[in-house]
Amino acid sequence: MRLKNGALSAMFFLPAGVFMLVFLLYPILLLVRDSFYKVDFLNASAREFVGLANYVSSLTSERFLKALWNTVIYITAAVGVEFILGLILALLLSNAFKGSQVIRTLLLSPLMLAPLVSGLIWKFMLNDQFGIINWGLYKIGILSDPHQIMWLSDSKFALFSTIIADIWLTTPFMMLVLLAGLKGIPQSLYEAAEIDGASRWQKFRYVTIPSLIPVATVALLIRIIDAARTFDIVWVLTQGGPGFSSELLSTYMYKTLTRYGQVGESSAMAVIFIILLLGLSSFFITKLWSPRKKAA
């Protein structure tokens, strides 16, 4: 009977295992292999072993370090604001009130759009010639000229503009996950805290926040990884420009491969990128998730 159950489990796992092997592990192995070679973009069979030269070239490249720094800023600003806004909205919607269902549905509407479509929407809205953002700021008196801020063509605002678009697109995801976490907190914990004379702030600090840590950790980890690999929005809005002011690792790797034909160097960047994301994921799981599990 055990053998039959084991064989049945293996049969169910086999399709997923084959899928991961073919579409995940095999490409990663090819990526790691190419990172040690100088590869001719037009003739993949013509390759020259260069060892760690591609890694050294990437890590000492000012443009790569600039893209890495921009990516860090992008992740920190976008995910940080999304988490704060998502938590505020989740707290407001956790208590049912008249119209809360309609408001929740409207707030989730950006999730129905593809990142590419979202980028196109914001490209028109942030246009310095006819965009509604500049027009609105001009009408309320913040700008003296409706063409004053060039959101997408000024290096001071380009990266900030892509962050705004990302926040608008993915804050509903953070709100939805945190709202589910709030709904999962046992009401008995709040009743016990109220019996002990806890104030509303104390209940939030000592009941809500600790109970939300596992859900918040997963939500933050998913969003950090997702924000780190953002491509569509940035490419549609700025393509990493002007100059390299809004260049992220994803757009730089794409340009290195398709525009400059440097297969080996782009592969090395991708491997470095994967290692950084794995390290970040490990940090979140060990530092934030594990202590919570031990405490439980």
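The expected span of a helix is 1.5 Å times one less than its number of residues, where helices are DSSP runs of H or I with at least four residues, numbered from the N terminus. Helix H7, with 26 residues, reaches 38 Å from its first C-alpha to its last, close to the 38 Å expected. The model is predicted, so that local features need pLDDT of at least 70 and side-chain atom pairs count only at pLDDT 80 or more, while totals for chains, interfaces and linings use all residues. Residues are numbered from 1 along each chain as its sequence is written, and side-chain values use heavy atoms, with hydrogens and water left out.

Two helix pairs involve H9, and the table lists their axes, which are lines fitted to C-alpha atoms over the stretch in contact, with angles running from 0 to 180 degrees between N-to-C directions.

| Pair | Axes come within | Crossing angle |
|---|---|---|
| H7 (residues 158-183) and H9 (residues 200-228) | 9 Å | roughly 145° |
| H8 (residues 187-195) and H9 | 10 Å | roughly 160° |

H8 and H9 are therefore roughly antiparallel to each other (an angle over 145 degrees). In their contact, which means heavy atoms within 4.5 Å, Leu189, Tyr190, Ala193 and Glu194 of H8 meet Lys203, Val207, Thr208 and Ser211 of H9.

The residues that join H7 to H9 include Phe173, Met174 and Val177 of H7 and Leu212, Val215 and Ala216 of H9.

Conventions: Parallel < 35°, antiparallel > 145°, perpendicular 65-115°, else oblique.
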